[in-house]
Amino acid sequence: MAWKRGSSGLGGQRNRSAGSSFPIVILIFCSFLAPLIFFVGRGLYTSNSIDHNDSSTTSSKQGLDWRERLALQQIKPLLTKEVIDVIKASTDDLGPLSLDSFRKNNLSASWKFVGQETEAKKSAADAEVNKPSQIATADSKPKITRGKHDGPVDGDHSQFLDSPAKLARRQLRERKREKRAADLVKRDDDVTVKLENAAIERSKSVDSSVLGKYSIWRKENDNENTDSTLRLMRDQLIMARVYISIATTKKKPDLAHELQTRLKESQRALGDAGSDADLTRSAHEKMKAMGQVLSKAREQLYDCKLVTAKLRAMLQSADEQVRSLKRQSTFLSQLAAKTIPNGIHCLSMRLTIDYYLLPLEKRKFPRSENLENPDLFHYALFSDNVLAASVVVNSTIVNAKEPEKHVFHLVSDKLNFGAMNMWFLLNPPGKATIHVENVDVFKWLNSSYCPVLRQLESAAMKEYYFKAAHPNTLSAGSSNLKYRNPKYLSMLNHLRFYLPQVYPKLNKILFLDDDIVVQKDLTGLWSVDLHGKVNGAVETCGQSFHRFDKYLNFSNPHIARNFDPNACGWAYGMNMFDLKEWKKRDITGIYHKWQNMNEDRVLWKLGTLPPGLITFYGLTHPLDKSWHVLGLGYNPSIDRSDIENAAVVHYNGNMKPWLELAMTKYRSYWTKYIKLDHPYMRSCKLSE
């Protein structure tokens, strides 16, 4: 490979220097030969890594050797020994300057390569072979910039950085590596987000109202009161029973007796404790003693299969006990819901006695002329509970804008008729009109006209209620107990199907149950357009179990042929009835027809809602849900805002507000309409 500079070669320079004077030689030496001496002294070599298969490489190498010798012969006479030693020392320190080093260090653009160009590779093993290379000078003064070097390698030589191409490839690899790392980080972030979302969705499916505080990441040590001692002692009791059984079968009475003794001691130490704080001081000692006995029993009796079988048997027995207790609980709750508290019974008896002691002229209510005025707002209330009826009337009047336009029609049975009259004579509802009647004086309501009365008098119904179905145990008594409620035997419950007969001169009437509380003015209900329907009610088909197939037997062809199982149910308790349309469509006749067909209880079980759904099928207009909120007698998770915004709240269910089993969180809506300071209330201890 040859290097050229401008138009003159090295030979011409040599001839001129031979025939010049000494000052000219000094000038030339300072301006031109000094740089050349520097590069030659550095020992410009070509790399040994040039392709040895190329035939031109050998001849080029020989040419370089000849030129090197010729250049050294011409330069040595001009330089002193000290200068040559300095140049040699610099060469030893910096290493030979080769063509490969020029390419690595980006020489000035004024330097040109002439001829075929090959890339040299330098290795540390070939550092000792120094072959000079000839450099052609540029038109202008060249500036050579050496690349940065690493620490010394193989003695005095330095290792230079890679070529620009290698640097570019290295940077490309770095960028790819960074991209892959970023992709992995992003992928990890996506996986983390998916896990977090899955955890959130799983936590939403947990009913917090039933389970209380719950976290999917919950750890035992997060619970401040773990009650570990209590749980350990209960586990010891279980294992003690297992080993007692095994010891008995394997005829080890001494061990069984010892286990039995420790078992009784632990049971006494536990008592009724519900947490570690409730345990006695001796509980820890009993726990340790039981642990020692259990360790002894484990050494002598432990058999994995046998212990597993015993635990499985105990689990099955406990499961059966739980089912039995649930049946007993159902029976007792139903029984509690049907009984009258002593305070209410006392109130009714005292009022009844005082009523019949009144003169006849003082037993009449004022404003009796309003009872048949169709322009007023009429209410129908059928109840045998004096306290409940008083809350309905009182809450309605307190929240009415024009109390004088409201008329209450109360119907009670013979037992509570006097008490109901006496209460409202002593506590009249302000300017409103009230009237109390006795259902037993309705002579038209007899077994020849009313199918329910005829069925109640039948031998089959008496058998169902009073003989064959009577349970011998509490657990067996829960079967169909709901439908053996005494209210189903009372005509007060079925009187709602005879409203036009009871109030023949009225056009519209609002029916109210006695377990409701009125919180807003209800006069707007009389202006609701029922669109030709007979019944205005709030629908209850928010859940599937409030549809027709919940109440009716769709395996019966009469039911399946005439009704839709997915039809929406509605609620009794606050119903606006159009009595004119009632008479036109003969609603009472429809009710009689289906009641006669159900004499054997094959269409529905007892109650008034199933026949009501059938009778008013297709004749019910849905009211806005804010008029009537249900469930305060069984649902503990009703939204408080729904209750407070409702016009009427309904305590349907077993947990009536006047019972001890009522839900405390809902009771205040009812009790605020009771006159707790009334003398009768205090005498019967209802104010406590």
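Modeller: The mean pLDDT of the protein chain is 76, and 68% of its residues reach 70 or more; pLDDT is the predictor's confidence in each residue, from 0 to 100. This is a predicted model, in which local features need pLDDT of at least 70 and side-chain atom pairs count only at pLDDT 80 or more, while totals for chains, interfaces and linings use all residues. Residues are numbered from 1 along each chain as its sequence is written, and side-chain values use heavy atoms, with hydrogens and water left out. Over residues 35–61 pLDDT stays under 50, and the model has 57 contacts beyond four places in sequence for them. A contact here means heavy atoms within 4.5 Å.

Now to the disulfides. The structure holds two of them, a disulfide being a pair of cysteine sulfur atoms within 2.5 Å. With bonded cysteines counted along the chain, the pattern is 1-4, 2-3.

Helices (H or I, at least four residues) and strands (E, at least two) are DSSP runs, numbered from the N terminus. The torsion about the S-S bond of cysteine 346 and cysteine 684 is about -70°, so this disulfide is left-handed. Cysteine 346 is partly exposed, at a relative accessible area of 21%, whereas cysteine 684 is buried, at 7%. Buried means under 20% relative accessible area, exposed over 50%, and partly exposed in between (1.4 Å probe, protein chains only).

The other disulfide joins cysteine 541 to cysteine 568, with 1.9 Å from S to S. Cysteine 541 lies in the loop between strand 8 (535–537) and helix 19 (548–551), and cysteine 568 in the loop between helix 20 (557–562) and strand 9 (574–578), so the pair ties together parts that are 27 residues apart in sequence. The link of cysteine 541 and cysteine 568 has -90° about the S-S bond and is left-handed. Cysteine 541 counts as buried at 18% relative accessibility, and cysteine 568 counts as buried at 18%.

Cysteine 304 is partly exposed, with a relative accessible area of 45%, while cysteine 450 is buried at 0%.
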